[in-house]
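Please look over the sequence and the model below. The paragraphs that follow go through selected features.

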Amino acid sequence: MLRALMFILPLALTIYAFIDCLNTPEDEVKHLPKVVWVIIILLFWIVGPIVWIVAGKARRAAAGGARGSGRGGRGGRGAWVAPDDNPEFLKSLSEDSEEKKRQDDALFKDWEADLRRREDELKRQEGREEGDDKES
């Protein structure tokens with residue numbers, strides 16, 4: 001079991017580093033071109049992935065770290081905000097929900113009118129059938 005683990009762990013680390021390197025945008029790769037990092041990760045499959053994880057990629061600060069205010073970020077854009085904390089998203093929900101409520105109310109009124117019409121038809125048909133039964 002230990003022998004298999006000594007093979008599986010470096011293999012998993014290599015696979016992780018390889019996929020991470022491929023998914024990293026070119027502007028976040030540090031020190032070497034991305035193609036060179038891929039070659040290093042694949043050729044030196046114990047040391048290469050460790051070096052990639054430590055020095056190959058520009059890591060972002062953790063939430064509440066250097067950018068604790070949630071403002072700033074790359075390109076002058078604000079940091080990502082959860083939907084329930086985003087006022088623009090919440091406003092769009094309230095606008096959508098008001099419109100949806102109006103549509104639902106209109107649909108409900110149509111259904112009620114249709115139900116009343118059908119009930120009236122059934123009452124008329126039952127009245128006719130009762131009248132037919134009395135005549136017979």
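Which side chains meet in a salt bridge at 2.4 Å, N to O? They are those of Asp114 and Arg117. The model is a predicted one, and the values given here are computed from it. Asp114 and Arg117 lie 3 residues apart in helix α4, so about one helical turn separates them. Asp114 counts as partly exposed, because its relative accessibility is 26%, a value that falls between the cut-offs of 20% for buried and 50% for exposed. Arg117 is also partly exposed, at 40% relative accessibility.

Arg117 has a further partner in Glu121, with a salt bridge of 2.9 Å, N to O, between the two side chains. Both residues belong to helix α4, and a spacing of 4 residues puts them about one turn of the helix apart. Glu121 has a relative accessibility of 34% and therefore counts as partly exposed. Through salt bridges with shared partners, Asp114, Arg117, Arg118 and Glu121 are joined into one network.

Another salt bridge in the model links the side chains of Asp104 and Lys100, at 3.8 Å from N to O. The pair counts because the cut-off for a side-chain nitrogen and a carboxyl oxygen is 4 Å. Asp104 and Lys100 are 4 residues apart in helix α4, which spans residues 87–135, so they too are separated by about one helical turn. Asp104 is partly exposed at 38% relative accessibility, and Lys100 is partly exposed with a relative accessible area of 49%. Over the whole structure, the search finds 4 salt bridges. In general, side chains of opposite charge can pair when their charged atoms come close.

The next topic is the packing of two other helices. How far apart are the axes of helix α1 and helix α2? The axes are 10 Å apart, and the helices pack at an angle of about 175°. Helix α1 covers residues 2–23 and helix α2 covers residues 34–43. Angles over 145 degrees count as roughly antiparallel, and α1 and α2 are therefore roughly antiparallel to each other. On the α1 side, the contact is made by Thr14, Ala17, Phe18, Cys21 and Leu22. These meet Lys34, Trp37, Val38, Ile41 and Leu42 in α2. Sorted by class, the contact consists of 8 nonpolar residues, 1 polar and 1 charged.

Is Thr14, one of the α1 residues in this contact, buried or exposed? Thr14 is buried, because its relative accessible area is 7%, and buried means under 20%. Leaving aside residues up to four places away in sequence, Thr14 touches Ile41, Trp45 and Pro49. Of these, Ile41 is among the α2 residues that meet α1.

The loop between α1 and α2 holds His31. For comparison, most residues other than glycine have a negative phi. His31 counts as exposed because its relative accessible area is 67%, and exposed means over 50%. Thr14 in helix α1, by contrast, is buried at 7%.

Conventions. Residues numbered from 1 in each chain as written. Predicted model: local features only at pLDDT ≥ 70, side-chain atom pairs only at ≥ 80, totals over all residues. Heavy atoms only, no water. Axes fitted to C-alpha atoms, helices over the stretch in contact; angles between N-to-C directions. Parallel < 35°, antiparallel > 145°, perpendicular 65-115°, else oblique. Contact = heavy atoms within 4.5 Å. Nonpolar A, V, L, I, M, F, W, Y, C, P; charged D, E, K, R; others polar. Buried < 20%, exposed > 50% of the residue type's maximum accessible area, 1.4 Å probe, protein only.
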